[in-house]
Amino acid sequence: MRSAGILLPVTALPSPFGIGTMGESARRFIQFLKKSGQSYWQILPLNPTSYGDSPYQSFSSFAGNPYLIDLDELKKDGLLKAEEYETLHWGDDPACVDYGLLYETRFPVLQKAASRLQAHFPDAFARFCQENAAWLEDYALFMALKDEFSGKPWLEWPKELKNREPNALQKAGERLCDSVRFWKAVQFFFFNQWQALKQYANDNHIQMIGDLPIYAAADSADIWASPEQFQLDDERNPIEVAGCPPDGFSADGQLWGNPLFDWDSMKKDGFSWWIRRISYQFRLYDVLRIDHFRGFDAYYAIPAGAKNAQNGRWRTGPGIEFFRALERALGKKNIIAEDLGFLTPSVHQLLKDTGYPGMKVLEFAFDSRDGGGSNYLPHNYPHHCIAYIGTHDNETALGWLENAPPEDVALAREYLHLDPAEGEHWGMMRALWASPAGCTIVQMQDLLGLGHEARFNTPSTVGQNWRWRAEKGFDSDALAKRVHRQMELYERLAPQPKQKSEEKASLE
């Protein structure tokens, strides 16, 4: 079956409160997806963002982002009063997230809601805490300690807390009990709203595609709580860190800085940490994209403290043994492998052995610097793949046409027969939809015909990323009708409920 979807981060939805949330705007977008014949809504990681605002560098692999909690929904639940948040200043630009302002404004409001939680939902809250205790206890204490130590990374905490000495943890939990309860309440708010939103999407025959970063952030509850799973020295500092080697896009490579997994240790206990992590993701999503798939075959290790990624080296990853353990524990799951970048024959073999669909990016087909080639030309796409014009790390279609090397753009225009009168972004999307790819995903920015100003992330840069937002009215009925017709033409319409009420779109 052929299918299609749209990539739009939840943060990019319109709302009066400075950032997209899981409220009414998200439900309107689901209706837009339905009207336009889509099967999928792809989002970015939902985890709490830390310094730099990236959803790929989070305080937890399990927790939800407090900024995405919809305040109007909390008011409906009797946990907030309108005057406690509607009159606050949430930012001057509705097309841009102001994360600094959110950090200062959002948490005092959530404190008010949390103070009323016990009176309104005591049993549901207690049940949530019990069901999620495996990660929630560590996360809530981690965040409470970060507050106590003015945001310092856990490696800079007192030794007894850094090393998780039982007596020190017990005393901290008692001392910070109110703060710990607050951080648990925030997660209760988040997951109540997310499960309601996902159910709404599924009821409207839209499946959610989530995104899992391969690595955990250095300053995270994940590493603090499970240091034995990572390559750390006796002081719990990383020995080597993650990144990508130099290529045609970056002479210094990419220095991500994440601690690396101790795959030998993980193998000894059957990869239980990973199995818990991925099992949890499938409580949240219908389909999961695993970022940096090639890192399971071989990963790039950079000496800790290096200023760039030039002097790293490749090390062997867990390979197919990891994915076989995963399937034995969880069964066959709908997983997308992010297999972009320079791929060796062993990576291609690993993808084949897993049976997961890989990704094709149209912009790469014409890139003369690195990674381009016929494998990314639409006429060569296999059916078993997910095709994109660009991902959240790439330019929008029009941004690429404006900023890519002229000879690359000329080749694209010739191959794709782009028509400025129609809008060249439509020609690029049509090539995707017409391709043999079983599933296609386009960025919402491309449907709106936006340029470089709407690019969501530029890797290896800081300061301007993760901020773009769609403006009110972006999901118009006229646009939905136009997209729906394209889905009809290229046989990508979502199954019609009255005919196939139980059928879901398939990535096969």
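Which residues point one way from β3, and which the other way? In the predicted model examined here, Gln207, Ile209 and Asp211 point to one side of the strand, while Met208, Gly210 and Leu212 point to the other, and all of these residues are buried. Strand β3, which spans residues 207–212, is accordingly described as mostly covered, with six of its six residues buried. The strand is paired with β2 (residues 40–42) through three bridges, the two running parallel, and within this pairing tryptophan 41 has methionine 208 of β3 as its bridge partner. A further pairing, also parallel, links β3 to strand β6 (residues 287–290) through four bridges, and here glycine 210 has leucine 288 of β6 as its bridge partner.

The loop between α1 (24–35) and β2 contains serine 39. Is this residue buried or exposed? Serine 39 has a relative accessibility of 1%, and it therefore counts as buried, the cut-off for that class being under 20%. Between serine 39 and proline 382 there is a separation of 343 residues in sequence, and the C-alpha to C-alpha distance between them is 20 Å.

Strand β12 (439–443) provides a second case of a covered strand. Because five of its five residues are buried, β12 is largely enclosed by the rest of the structure. The burial extends to both faces, with Cys439, Ile441 and Gln443 on one side and Thr440 and Val442 on the other. Strand β1 (residues 3–7) runs parallel to β12 and is joined to it by five bridges, with glycine 5 standing opposite isoleucine 441. Strand β11 is likewise parallel to β12, to which three bridges join it, and in this pairing alanine 387 stands opposite threonine 440.

Helix α16 (residues 424–434) is mostly covered, nine of its eleven residues being buried. The buried set consists of Glu424, His425, Trp426, Gly427, Met428, Met429, Ala431, Leu432 and Trp433. These buried residues pack against the strands β11 (385–388) and β12 (439–443), and also against the helices α14 (397–403), α15 (406–416), α17 (444–447) and α18 (477–489).

The empty space in the model was examined next. Rolling a probe the size of a water molecule over the atoms shows where such space is left. The count comes to four cavities of 30 Å³ or more. What is the volume of the largest cavity? The largest cavity has a volume of about 120 Å³, and its lining comprises 16 residues, with Thr11, Leu44, Pro45, Pro55 and Asn65 lying nearest its centre. By class, this lining divides into eleven nonpolar residues, four polar residues and one charged residue. The second largest cavity holds about 70 Å³ of space, and of the 13 residues that line it, Ser58, Ser60, Ser61, Tyr215 and Arg277 are the closest to its centre. The lining of the second largest cavity is made up of six nonpolar, five polar and two charged residues.

In terms of class, the lining of the second largest pocket has eleven nonpolar, five polar and three charged residues.

Notes:
Residues numbered from 1 in each chain as written. Predicted model: local features only at pLDDT ≥ 70, side-chain atom pairs only at ≥ 80, totals over all residues. Heavy atoms only, no water. Buried < 20%, exposed > 50% of the residue type's maximum accessible area, 1.4 Å probe, protein only. Pairing = 2+ DSSP bridges. Nonpolar A, V, L, I, M, F, W, Y, C, P; charged D, E, K, R; others polar. 1 Å grid on protein atoms, 1.4 Å probe; cavity = no way out; pocket = protein on both sides within 12 Å on 5 of 7 lines; lining within 4 Å. Points joined across faces, edges and corners; volume = space filled by probe spheres on them. Contact = heavy atoms within 4.5 Å.
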